[in-house]
Amino acid sequence: MSNYILEMKQICKSFPGVKALEDVDFFVESGEVHCLIGANGAGKSTLMKILSGAYTKDSGEMLFDGNPLKDGNTLATRKAGISVIYQELSLVNELTVTENILINNMPKTKFGAIDWKKAHDLAKQYIEMLDIKLDPNARAGSLSIGSRQLVELMKCLAADSKLIVMDEPSATLSKDEFNTLMRIIADLKKNGMTIIYISHRLEELFQVGDKVTILKDGKNVATEKVSDLNIDKLVEYMIGYKMTANQYKKAEVLTGEDYIFETRNFTNKKIRDVCINLREKEIVGLYGLVGSGRTELLRAIYGVDRLDRGELYISGKKVQPKNPRISIKNGIGMLPENRKMQGLVLVLPVWQNVIMVASRIFRGKLGLSYKRIYDKSRDYIKELEIKTPSEKTPTISLSGGNQQKIILAKWLLQNSKILLVDEPTQGIDVKAKAEIYKILRRAAEEGHGIVIASSELEELTSVCDRILVMFQGQIVAEFDKTEIEEAAILQYAVAGR
Amino acid sequence: MVASLNKETVVELIKKYSVMLLLIVFVIIASMVSNSFFTLSNFFNILQSYAAPGIIAIGMTFTILSSGTDLSVGSVAALAGMVSASLLAQGFPVGISIILGIIMGGLLGTITGLIITFFQLEPFIVSLATMVSARGLAMLTTDGKVISGLIKLDGGDTFCYLGGGSFEILGERLPFAGLTWVAITLVMAYILKYTNFGRGLYAIGGNKEAALLSGVRVKLFNTLAWTISGMTAAYGGIMLTSWLTVAQPTLASGFELDAIAAVVIGGTAMTGGKGGVGGTLVGVFILAIITNLFNLMGLPSYYQQIFKGIIIVGALLLNRVVSINEK
């Protein structure tokens, strides 16, 4: 009837507290490059995870090649001919290119052993097919990100995929690597491959795509031919408003006594000439799409990532962001993006995580005073309403929201003047979210200056005094509390202007 | 409510002292099997025989807590014994000889620790290298020969008191070595619990990155754990040499495995961040009782080895079971 290779009809998916997808129609024609775009939380990942079988849909219908796709079954999806290349690639670093390409389809001899000669020939064929330079015997781990991505692509080809989903393939590529990728995508298309291309970078879509579907707040806003669109129109779809001219100028970074913290021209691989400042009792939001450099900026300020250039001033005094220890001494604290991996020692009890930074204040004549430690931990458990059976409970057994509160307690105890907060409420339920905002607000009132990086705009508009927008490693706009306008912020985050 | 709370406390207590319970079970079994087991003299006997391995296991606890394993302890013990004995034989005062031996061990541990922390190499392999080299060094000190008759040297009396001396208490001879073992355990338990270094070690073992981001001195503390392991290994070796009154370069071979076993039985997690030296003390006792019991029963040592293996796995399983509902 139609030449749609993939038909996703009326797809709905809810998570506790959020409607991630609402009656989304998504049709992909055979042999086209179909781009999928949308701001943070628009539902791109959810939709693709439903396609790949990682999630099950609540309702709706999925047809691939005219046949219904099994729900929530990644293996069946792959067998049907759908491959997904995720941003964090899934190669085995210790294996060679050949082994990675053929990982599920190693040719066998008639005795059942691996036919290495045939395997190498096959791998060479794929490499020639893409017309690239690559040693089939090289270890995957020794390759550049761009080459690894191509190996991943060949893996999809070897698996006889008919549809390849590429999730943000360009985010980590160099200019040359990107051009190679563009050429290969064009070649594949010529050979009849269908590709779904997900990206934040709007210019790319015009280079690579035939059609584009725009998601916003879990709904399909539009599916159009790329040739009928321009960037302004695209941004309009993404943010739901007409793109307006540059009415918000980038604010001048002021220096002065009342700034407790200031960065000048912070530059490294991921960020460029970032100047931000912070007043006492102020909460500044850092908004940007995934990969815009939010996390990297906080890490650079905290001294985890190296700076190529830039200066940091604390209360007007120049300091070196060399390592976390020094930053802590300078009065900076960080609540990292990944709570479990970077924020907490999960096997240890609550009290020890609470005192991890400020443990020296419990030192008495005879070593650490446990009475004071337990008392103080209980104070924080009560004050921040941390739900735990006791201060001696292992942190691992608490919920995400309570774990985040423990990290907050850690820095409040240290009384760090400046708090860098990265995605404070990711994966946390609505009630705990509100409580965490309350704690942050109260901390600000008590004199802390806080920077919150987040991919949730509503979160920032509700707690921040000021919002800075990041785009491709730079601050592109600044909005004061009085002028906060979601559409404009989104526009800057998506289009950079 | 009260009943359920009590039940929870009981569960907590069982969890916390599961190793202790295991020890008690073994003591009861041993007492029933042999009349001569539950006597003060046998207890002192165990203290004497297991003081050196016990002290070595204390240092091992530190490295395992920081999520490494020190394979070099046996070789370092032998080297320190040889160094101290040679110095004594060359006329150095006994105090200096002993202290230089300990410093030697601390130095080797520090070097191992520095290589591990600064180059981020696998502790298992780096300490394996130290193990091989230290054994070679121990052989080199005397060209592989033993140094005998230590007790006859100047200061030899004092030197030999360290590992073989005892004083009378309740009509039995309490070994000085055993007393040292318990004393060092107490000091180290204090360090682990009451200092920022100690607590930092748990943080490093539990999650190095989180510890680093919280400003814990990861490199310094991690290296110090290896320094301590080197020093306790050295002291254990010197004590063993002193007890035997003969210094031999082949001393304490295989001790690293017993030490690891004791630490693990004592409830310290190989992944780091969990456990302590108190548990290790109990772990050594459990291993000691098994040997002691089999000796008292006059069974060949092959049975001991088989049974020890079973106990190691059993203790691991026990730890697993008691920590399962934390997840």
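Visitor: Is S455(A) buried or exposed?

Guide: S455(A) is buried, at 15% relative accessible area; buried means under 20%, exposed over 50% and partly exposed in between, with a 1.4 Å probe and protein chains only. Please note that this is a predicted model, in which local features need pLDDT of at least 70 and side-chain atom pairs count only at pLDDT 80 or more, while totals for chains, interfaces and linings use all residues. Residues are numbered from 1 along each chain as its sequence is written, chains are lettered from A and ligands numbered from 1 in the order in which they are written, and side-chain values use heavy atoms, with hydrogens and water left out.

Visitor: Where does S455(A) lie in chain A?

Guide: S455(A) sits in the loop between strand 20 (449-454) and helix 16 (457-463) of chain A. Helices (H or I, at least four residues) and strands (E, at least two) are DSSP runs numbered from the N terminus.

Visitor: Which side chain does the side chain of S455(A) make a polar contact with?

Guide: That partner is the side chain of E423(A), at 2.9 Å. A polar contact is a pair of N or O atoms within 3.5 Å; within protein, one must be able to donate a hydrogen and the other to accept it, and residues adjacent in sequence count only if both atoms are side-chain atoms.

Visitor: What does the pair of K481(A) and D465(A) tie together?

Guide: K481(A) is in the loop between strand 22 (474-480) and helix 17 (486-495) of chain A, and D465(A) in the loop between helix 16 and strand 21 (466-471), so the pair ties together parts 16 residues apart in sequence. K481(A) is partly exposed at 48%, whereas D465(A) is buried at 17%.

Visitor: And how many salt bridges are counted between chain A and chain B?

Guide: The count there is zero. The rule does find 14 residue pairs in polar contact across that interface, both residues being at pLDDT 80 or more.

Visitor: Which helix of chain A supplies the largest share of the side that touches chain B?

Guide: Helix 11 of chain A does, with four residues.

How values were computed: A salt bridge is a side-chain nitrogen of Lys or Arg within 4 Å of a carboxyl oxygen of Asp or Glu.
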